[in-house]
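Student: I would like to learn how to read a structure like the one below. Please take me through it.

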Amino acid sequence: MPELKRLHAGHAPAVLAFELANRAYFAASVSDRGDEFYDRFTDRYSALLAEQEAGICAFYVLVGEDGSVLGRFNLYDLKDGTAELGYRVAQHVAGHGVATATVRELCRLAAARHGLRTLRAGTSRENVASQKVLTKAGFVPVVPAGPADLGGKPGTWYQRDLTVQP
């Protein structure tokens, strides 16, 4: 059974393997991270851990029974009871409810562990799968998202009130 775990230094090799194995798949629906991300992965990963330690963000990985990373689920810009949600799942588990179940679990953790009341998530118009995940997890569309918000693609911001159960 996959387990949602708080990101730590020991996850780095599995996270990099996940990102590399799914790079083309992710680039089909979200902006590619670019070669620099992979070339400077160790530095970027250390920076993420520092942001998490500072309480600015909270990063999670969905870890399979074999120790591989099946998904990344992140809370960005934690402040005043709100945060932005970002996530991505491996191609081989996409379409099987993994993202929806894990986003629901992260919503629970966001409220219980991080004291958040509201989450926001943006997705492009073309990313129908992400729109379905967010809707099934209790998010509702609230305002348009401009290309600057979503890596050059227009879309929609979704929001979920964590004090209300979907």
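Tutor: Start with Asn127, which lies in the loop between β5 and α6 (128-136). Helices (H or I, at least four residues) and strands (E, at least two) are DSSP runs, numbered from the N terminus. This is a predicted model, where local features need pLDDT of at least 70, side-chain atom pairs count only at pLDDT 80 or more, and totals for chains, interfaces and linings use all residues. Residues are numbered from 1 along each chain as its sequence is written, and side-chain values use heavy atoms, with hydrogens and water left out.

Student: Is Asn127 buried or exposed?

Tutor: Buried means under 20% relative accessible area, exposed over 50%, and partly exposed in between (1.4 Å probe, protein chains only). Asn127 has 13% relative accessibility, so it counts as buried. Across the chain, buried residues make up 41% of the 166 residues.

Student: What does Asn127 touch?

Tutor: Contact means heavy atoms within 4.5 Å. Leaving out residues up to four places away in sequence, Asn127 touches Ser29 and Val30. Its side chain also reaches the backbone nitrogen of Ser130, at 3.1 Å.

Student: How do strands of a sheet pair?

Tutor: They pair through backbone hydrogen bonds, either parallel or antiparallel. Here, two strands count as paired if DSSP finds at least two bridges between them. Strands β4 (residues 82-89) and β5 (residues 118-124) pair in the parallel sense over three bridges. Thr82 stands opposite Thr118 in β5.

Student: In what order do the seven strands form the sheet?

Tutor: The order is β1-β2-β3-β4-β5-β7-β6, in an open sheet with mixed pairing. β1 (3-6) and β6 (140-145) stand at the edges with a single partner strand each, so one side of each is left without a neighbour in the sheet. On average, neighbouring strands of this sheet are turned by 25° against each other, direction ignored.

Student: Which strands does helix α4 lie across?

Tutor: For angles, axes are lines fitted to C-alpha atoms, for helices over the stretch in contact, and the values run from 0 to 180 degrees between N-to-C directions. Helix α4 (residues 41-53) lies across β1, β2 (58-63) and β3 (69-79), at about 120° to β2. Helix α5 (residues 98-112) runs at about 35° to β3.

Student: How many helices and strands does the chain have?

Tutor: The chain has six helices and seven strands.

Technical notes
Polar contact = N/O pair within 3.5 Å; in protein donor to acceptor, adjacent residues only side chain to side chain.
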